[in-house]
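Here is a short briefing on one protein model. It covers a surface patch, the fold and the salt bridges.

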Amino acid sequence: MKPILTLIVTVFVFIGCNKPENDKKIQGKVEKEQIAVVSKVPGKILTIFVKEGDLVQKGDTLAILDIPEVDAKKSQAEGAVISAKAQYNMAVKGATDNQIKQLEAKQKALKEQYDFAQKSIRRLSNMLKDSLVSQQTYDEAFAKYQGAQSQYIAVQAELDDARKGARIEQQTMALGQQDRALGALKEVETADKERYVIAPQNMSIETITLNVGELALPGYTLFNGYLDNSLYFRFTLPESQLDKIKKGQEISVYVPYKKQDFKGKVTTIKQLGAYGNIATAYPDYEMQESLFEIKITPTDNNAAKELITKTTVTLSL
């Protein structure tokens, strides 16, 4: 047994003293900037125009939502706009031609009554002086005269208002109601446009979270994807190795599955906020050390754009 134990110990010591060359390299991952496309209004998925893995351009329609409530509100808003415009036009224009003709005829009739009452009161005034009529008869005629005068003045004022239109305060109020109705219609039209789910940027579709017929709630992610030309290499380094790299440094990254080196530049060095964000497998660091994320952007994006996300890359410092 002793020779066997001695042999096993010797093998482990030999392995521990002769680490493979790959252990000297730092492992990282190929990453791309992610983007999520969400819905703004609730609605059922009516049509989906893309599938996972598709490349889409900014402005492409990804899906259409069925929103029947918007159609009903749009009809209501359009009716409110028509009503508000009619009220404003009526306030500005005033009475119609027929209404003005009716008021003019009414004014003419009351003018005749007023003139007749005025003549009558003059005659009765002279007769009262000669004691040909009683005071009671004169008072009754004078009362009719005042009534005819008041009616004539009133119809004149009414005719002037009809010709000039409503007062400025009423016109302002009607204009405000019209603007309010137009704003409600614009709001509904904006919501109606949200039935079309549009790609915000050039991107590749990674996942589609809902199927046709399912309900999309406001703020729910419908599509996940990667931004076009956003590829970078991500590594995790402890603070003890930060002296080996600096921002703006030109560096070479090796992609094992491609068996190819890619040149890049260090664009970001920042501290990791959580242990779960570590990109390098089994980073060699002390517990008291802080970990930092290193982003390296390829110099030639066209050459690197075919790299598969989440694949392993290595870096020699």
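Y220 is partly exposed, because its relative accessible area is 38%; buried means under 20%, exposed over 50%, and partly exposed in between, with a 1.4 Å probe and protein chains only. The model is predicted: local features need pLDDT of at least 70, side-chain atom pairs count only at pLDDT 80 or more, and totals for chains, interfaces and linings use all residues. Residues are numbered from 1 along each chain as its sequence is written, and side-chain values use heavy atoms, with hydrogens and water left out.

**Surface patch**

- Y220 sits in the loop between β7 (215-216) and β8 (221-238). Helices (H or I, at least four residues) and strands (E, at least two) are DSSP runs, numbered from the N terminus.
- Together, L215, L217 and Y220 make a nonpolar surface patch of about 290 Å².
- Patch residues have over 30% relative accessible area and no salt bridge; like charges are joined within 9 Å, and nonpolar side chains (Val, Leu, Ile, Met, Phe, Trp, Tyr) within 5 Å.

**Whole chain**

- The protein chain has six helices and 12 strands.
- Of its 317 residues, 32% are buried.
- Its accessible surface is about 20900 Å², and carbon and sulfur atoms account for 53% of that. Areas come from the Shrake-Rupley method with a 1.4 Å probe; for residues, only the protein chains shown count as cover.
- Among contacts (heavy atoms within 4.5 Å) between residues at least 6 apart in sequence, 78% join residues at least 24 apart.

**Salt bridges**

- Side chains of opposite charge can pair when their charged atoms come close.
- A salt bridge here is a side-chain nitrogen of Lys or Arg within 4 Å of a carboxyl oxygen of Asp or Glu. By this rule there are eight salt bridges.
- E194 pairs with K40, with the closest N and O atoms 3.9 Å apart. This pair links distant parts of the chain, 154 residues apart: E194 is in the loop between α5 (168-193) and β5 (196-198), and K40 is in the loop between β1 (26-38) and β2 (43-48).
- E194 is partly exposed at 22% relative accessible area, whereas K40 is exposed at 60%.

**A salt-bridge network**

- R234, K270 and E293 are linked in a network of salt bridges.
- R234 and E293 form a salt bridge at 2.3 Å, N to O. R234 lies in strand β8 and E293 in strand β11 (residues 291-298), so the pair ties together parts 59 residues apart in sequence.
- Both R234 and E293 are buried.
- K270 and E293 form a salt bridge at 3.8 Å, N to O. K270 lies in strand β10 (residues 260-271) and E293 in strand β11, so this pair ties together parts 23 residues apart in sequence.
- K270 is partly exposed at 42% relative accessibility, whereas E293 is buried at 7%.
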